[in-house]
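Have the model open as you read.

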Amino acid sequence: MARRGAAALALFLALLTVVLAGAGAQRAAVEDPDYYVQEIWNREPYYARPEPEPKPEPFSPPLPPGPGKEEREPRPPEPRPPKKAAKPKKAPKKKLAPETPLPGKNSNRKGMRTKSSEKAASDDHSVPVARDVVREGCPPLGLETLKITDFQLHASTSKRYGLGAHRGRLNIQAGINENDFYDGAWCAGRNDLRQWIEVDARRLTRFTGVITQGRNSLWLSDWVTSYKVMVSNDSHTWVTVKNGSGDMIFEGNSEKEIPVLNELPVPMVARYIRINPQSWFDNGSICMRMEILGCPLPDPNNYYHRRNEMTTTDDLDFKHHSYKEMRQLMKVVNEMCPNITRIYNIGKSHQGLKLYAVEISDHPGEHEVGEPEFHYIAGAHGNEVLGRELMLLLMQFLCQEYLAGNERIVHLVEETRIHILPSLNPDGYEKAYEGGSELGGWSLGRWTHDGIDINNNFPDLNTLLWEAEDRQGIPRKVPNHYIAIPEWFLSENATVAVETRAVIAWMEKIPFVLGGNLQGGELVVAYPYDMVRSLWKTQERSPTPDDHVFRWLAYSYASTHRLMTDARRRVCHTEDFQKEDGTVNGASWHTVAGSLNDFSYLHTNCFELSIYVGCDKYPHESQLPEEWENNRESLIVFMEQVHRGIKGLVRDLHGKGIPNAIISVEGINHDIRTANDGDYWRLLNPGEYVVTAKAEGFTSSTKNCMVGYDMGATRCDFTLSKTNMARIREIMEKFRKQPVSLPARRLKLRGRKRRQRG
């Protein structure tokens with residue numbers, strides 16, 4: 001028994017030693033900042049990586065003290081105080097640690113609006129910021145991108161549900177009626193110093209900064225002008241960020257829309273972070289929107305986070321590209337795949353930047369008879385950057401997969417002529433790029449340099465069509481397709497952006513069949529019409545004659561997107577598009593006159609849709625791999641829809657293609673026309689259709705054409721013979737004589753008879 005007792009005691013001591021050693025190692029890991037390295041996709045193909053420099057020690061709040069004991073709060077190190085910045089926009093650039101990028105882009109934070117280096121509000125001491133050491137730039141936690149769920153946001157009080165903590169997200173927009181469930185900020189129920197809003201990161205996180213905005217409202221002015229920051233590991237014991245011996249007061253907003261960044265003087269390692277407003281606009285209330293910057297610390301034992309982490313296997317350049325870098329990337333893709341790519345430009349911006357496009361086809365530079373033309377356009381709004389980067393990723397992906405022999409991509413490239421225009425508004429993008437991904441607000445860079453919204457800058461052809469249809473008893477003078485552009489729009493004095501004119505000329509030159517323009521700020525696919533037919537309404541469903549086709553095209557993208565049709569996802573701002581499976585008729589959402597979608601449908605053969613690819617217009621580049629995975633399959637599937645419906649050639653008896661012939665489908669009041677070689681493509685859903693081809697000087701021809709469910713357009717060719725009058729005119733012109741006009745001859749004979757009778 002004594003031996004057994006001694007053995008048991010030795011075993012207990014050994015286990016105790018192992019446990020203590022493990023605890024010590026874990027504590028050392030928490031205290032060692034280099035133990036935690038954020039795993040963010042970082043590619044710098046054009047720039048050399050700087051040498052790593054030392055980082056300040058992160059501060060971690062202590063565990064709550066035991067009963068009857070007091071624990072002193074550790075003070076952060078006090079580096080020498082900085083100089084007061086003259087203007088926030090001209091704050092000196094900061095050198096970055098090589099591991100992670102700052103919230104805007106790689107290292108250029110020229111447009112950063114930061115207040116942490118200025119004199120703290122309500123405090124005579126300047127804010128201590130470590131200037132002699134490298135600060136680690138952490139990405140946003142994801143309040144704007146909805147990566148942070150509503151259940152992770154809490155507040156002391158709120159005025160009502162529509163102004164709850166879940167609405168305190170950076171750049172969130174209020175609904176048309178602000179007193180509903182979708183208002184534009186978190187607003188405290190009372191205006192006092194005990195109000196707060198907090199974020200539960202659900203894991204240990206190195207917090208490095210806070211970005212704040214005021215309330216999004218057309219009628220009210222509410223924002224916080226100063227606040228404190230507190231952190232906690234258990235949501236009960238809180239440690240306030242210190243300014244020397246006292247609590248640090250961060251300067252907040254001076255108006256409601258421009259985001260303001262405050263960086264913490266020392267990174268704080270904790271699970272919870274709380275914002276405690278200290279002052280607010282005199283005539284307003286405590287209201288704010290925010291984003292938190294932080295690096296989640298790796299936790300291999302947490303299955304929840306490992307399951308929800310998004311990774312990609314595609315070897316692409318995941319970063320935000322300046323205009324120069326975009327051109328260089330296009331050149332790299334062209335050099336990798338010279339046989340299937342071509343770089344060209346469709347014009348210039350107001351500032352003289354070329355509007356570059358990339359063509360991807362097995363015969364770049366020429367239109368192949370019978371091969372449909374497809375295009376993607378992005379960046380009409382310069383601050384909606386995600387679409388631009390998705391286009392640059394797509395052209396890299398198509399090139400790599402074609403070289404790798406991916407059968408699906410090879411077939412798509414060889415059977416389709418693809419055009420990608422990644423940046424229609426480069427002037428606006430350069431403004432947004434200066435501000436960065438989190439500091440540009442909702443509209444910086446949206447418009448062209450001369451203040452025009454390209455997306456709504458096209459001629460209003462809807463009104464011309466609908467007025468002609470509403471005239472009863474008057475012969476129709478406006479066709480149901482290829483409606484001419486009004487003369488006033490073509491004049492030099494018209495308020496039309498040069499980028500808009502370039503797109504119109506591009507679309508008139510190339511016989512596009514299908515196109516998508518990528519936008520941001522929402523997660524939905526919008527199809528035409530975008531303009532309401534009733535003048536007194538702002539929202540009204542306005543379907544086109546091809547509504548069934550447009551709905552399918554929209555659903556083909558939305559249904560293959562990872563999030564658009566997910567009924568569990570939170571709405572981006574105010575609209576819930578789940579009732580139509582992530583799609584919406586543009587006019588039933590909000591009316592827009594002169595949209596690209598409506599113009600394309602009424603002036604050309606192209607069916608155009610607006611694809612809103614993300615809630616965050618300008619996501620941090622660490623989010624680009626996940627956004628690529630969300631949209632990759634959808635981008636490919638949507639391109640494949642160009643091969644749905646019927647296609648064919650319209651020729652004369654000699655086998656020559658007839659250009660500008662009209663293709664009509666019975667029951668659909670919208671026609672299309674043949675291209676210069678007589679080839680055509682008509683998008684249709686599966687079914688049997690009665691199709692008629694007609695051209696001036698030719699007798700019309702009608703056929704029954706069947707569209708199946710399998711991918712691939714049904715071939716439906718037409719051969720037209722000339723009319724008798726056309727033949728007579730052809731013979732007379734051959735012998736240099738004018739054809740006889742029978743009505744004129746009859747009138748001449750009648751006049752002669754009258755003279756003889758008289």
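## Disulfides

A disulfide here is a pair of cysteine sulfur atoms within 2.5 Å. This is a predicted model, where local features need pLDDT of at least 70, side-chain atom pairs count only at pLDDT 80 or more, and totals for chains, interfaces and linings use all residues. Residues are numbered from 1 along each chain as its sequence is written, and side-chain values use heavy atoms, leaving out hydrogens and water.

The count comes to five disulfides. One of them joins Cys187 to Cys287, S to S 1.9 Å. Cys187 sits in strand E2 (residues 186-187) and Cys287 in strand E10, so the link ties together parts 100 residues apart in sequence. Strands are DSSP runs of E, at least two residues, and helices runs of H or I, at least four, numbered from the N terminus. The torsion about this S-S bond is about 115°, so the link is right-handed.

Cys138 and Cys295 also pair up, with sulfurs 1.8 Å apart. At -110° about the S-S bond, the Cys138 and Cys295 link is left-handed.

## A buried glutamate

Glu608 belongs to strand E18 (residues 607-614). Glu608 is buried, meaning under 20% relative accessible area with a 1.4 Å probe, protein chains only. Which side chains make polar contacts with Glu608? His375 does at 2.8 Å, and Asn517 at 3.2 Å. A polar contact is a pair of N or O atoms within 3.5 Å; within protein, one must be able to donate a hydrogen and the other to accept it, and residues adjacent in sequence count only if both atoms are side-chain atoms.

Note on methods:
Buried means under 20% relative accessible area, exposed over 50%, partly exposed in between (1.4 Å probe, protein chains only). Lys and Arg count as positive and Asp and Glu as negative; His and the chain ends are not counted. A salt bridge is a side-chain nitrogen of Lys or Arg within 4 Å of a carboxyl oxygen of Asp or Glu.
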